[in-house]
Amino acid sequence: MPHRLVIRMFFDGACEWLALDRAGKLVDGPASGLPEASAERIDLLLPAEYVLLLDAPRLAKRSSQLAQALPYAIEEQLAGPVEQQHVAFDERAAGVSVPVAVIERARMRELLATLSGKGHSVDRCFSIAQLLPFTPMQLTILIDGEASLLRWSASSTMSCRTAELSDSLQLLRDSGVAWERMRVWRVHGSPLPSLGGDVVDEVRIPAALPWLAELVASATAPDLLQGEFLPRRRGGRVSAQWRWAAVLAGVALLAGLLNLTVERFALERHSDLRRAEMDALLRQAIPGTQRVVDPVAQLSAELDRRAGTRVGGALPLLARLAPLIAGSGRYTIESLDYRAGALELTITATDVAALDGLRATLSAAQLQVDLTSALPGSNGYEGRLRIKDSAS
């Protein structure tokens, strides 16, 4: 299947076509009639007589509003009822006016039905007048056998018989159309009538259709396939793109949900492992524990119970001793041991009198103190004190 077909229809109903590859190289044709095989893309070229080109005022900014307003803005320039006309426009054009192409709806339906009957679905459709290049103050002419086509602005064209070309040029002059140069594309074998002494830039081309096929590849004029004539394949491609976008979005959403599920499972697994470790530590620290509800709270309560913090305990006792011992600077605590509600300290002092003075100081602080031993050592005298809270 070729990449692109270009089909040209003539005013008398005849057709010709050619096929191009992806690089734009001719692979078949030009040939008369309609091709038997279709292609990935099909461009349809209509005779200039079928399509009216106009410039309409830009009555709205939105495409949908333009589509409703433009037919009635150009109604007086149409030969038939506006309801029977198909109006295509180029909303991307800059400026205060909009390029418009008009064709009878019935004719458009008939042309597309003819091609559809042969298995061809058209992707783009233009009048050949829309393809003729033009520049300001230049008259462009295509001489194709017995027919000629003239264009001097975006929406100003004329078709005539080649034998009547000189009279058509004079008619344009009489109508006030002016040009400085004339550029003529003449198909091989076509006659060249007198052009009235104008400066002519003539280009000879072997055939019209290959030349038009090059121009339609970059055409930006209003495509006639709009509104009800929007091709199914074009709409299908858009729908397919949306479907793929929806599929990709769904896949991304599922991937996100799966990732969240995996992360949640990993966090729950980590939490279960940490809880099991805490339970094991609690049972190890407190043998005989039957039920574990809150390991941290249970362990804290047990430590409080064992330390006796509710009735005094080691920490409050040390809090009372520390300022008395550390404040003097005369004593060094070698060791301490708390058991059965009593704190046993091993303290080094300079002499026995210092140890006895410390005992008296602690007793004055409402502590029950017994000096159980006082032995000489290398750094003075080492005494052992047994201390309890007087209230206990």
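Residues 24 or more positions apart make up 54% of the chain's contacts with a separation of 6 or more. The model is predicted. The chain holds 8 helices and 17 strands. Its radius of gyration is 51 Å, whereas a compact globule of 392 residues would have one near 21 Å.

**Overall dimensions and surface**

- Along its principal axes, the C-alpha trace spans about 145 × 50 × 45 Å.
- The accessible surface of the chain is about 22800 Å². Carbon and sulfur atoms hold 55% of that surface.
- Of the chain's 392 residues, 35% count as buried.

**The largest nonpolar core**

- This core has 48 residues. Leu 44, Leu 46, Met 108 and Leu 224 have the most contacts inside it.
- Helix 4 gives the most, with 6 residues.
- What does Leu 44 contact, leaving aside its neighbours within four places in sequence? Its partners are Ile 7, Met 9, Leu 112, Leu 115, Val 122, Arg 124, Cys 125 and Phe 126.

**A second core**

- A separate core has 16 residues. Among them are Leu 317, Leu 321, Leu 362 and Val 369.

- An open sheet is built from 5 strands in the order 11-10-9-12-13. Its pairing is mixed.
- Strand 11 (156-161) and strand 13 (200-205) stand at the edges. Each has a single partner strand, so one side of each lacks a neighbour in the sheet.
- On average, neighbouring strands of this sheet are turned by 15° against each other, direction ignored.
- Strand 9 (residues 138-144) and strand 12 run parallel, joined by 6 bridges.
- Which residue of strand 12 stands opposite Ile 143? The residue is Arg 186.

**The helix on the sheet**

- Helix 3 (residues 165-174) packs on this sheet. The helix touches strand 9, strand 10 (147-153), strand 11 and strand 12.
- The direction of helix 3 makes about 150° with that of strand 11.

Notes
Residues are numbered from 1 along each chain as its sequence is written. This is a predicted model: local features need pLDDT of at least 70, side-chain atom pairs count only at pLDDT 80 or more; totals for chains, interfaces and linings use all residues. Side-chain values use heavy atoms; hydrogens and water are left out. A nonpolar core is a set of buried Ala, Val, Leu, Ile, Met, Phe, Trp, Tyr and Cys residues joined through side-chain atoms within 4.5 Å. Buried means under 20% relative accessible area, exposed over 50%, partly exposed in between (1.4 Å probe, protein chains only). Helices (H or I, at least four residues) and strands (E, at least two) are DSSP runs, numbered from the N terminus. Contact means heavy atoms within 4.5 Å. Two strands pair if DSSP finds at least two bridges between them. Axes are lines fitted to C-alpha atoms, for helices over the stretch in contact, and angles run from 0 to 180 degrees between N-to-C directions. The radius of gyration is taken over C-alpha atoms; the globule rule is 2.2 Å times the number of residues to the power 0.38. Accessible areas come from the Shrake-Rupley method with a 1.4 Å probe; for residues, only the protein chains shown count as cover.
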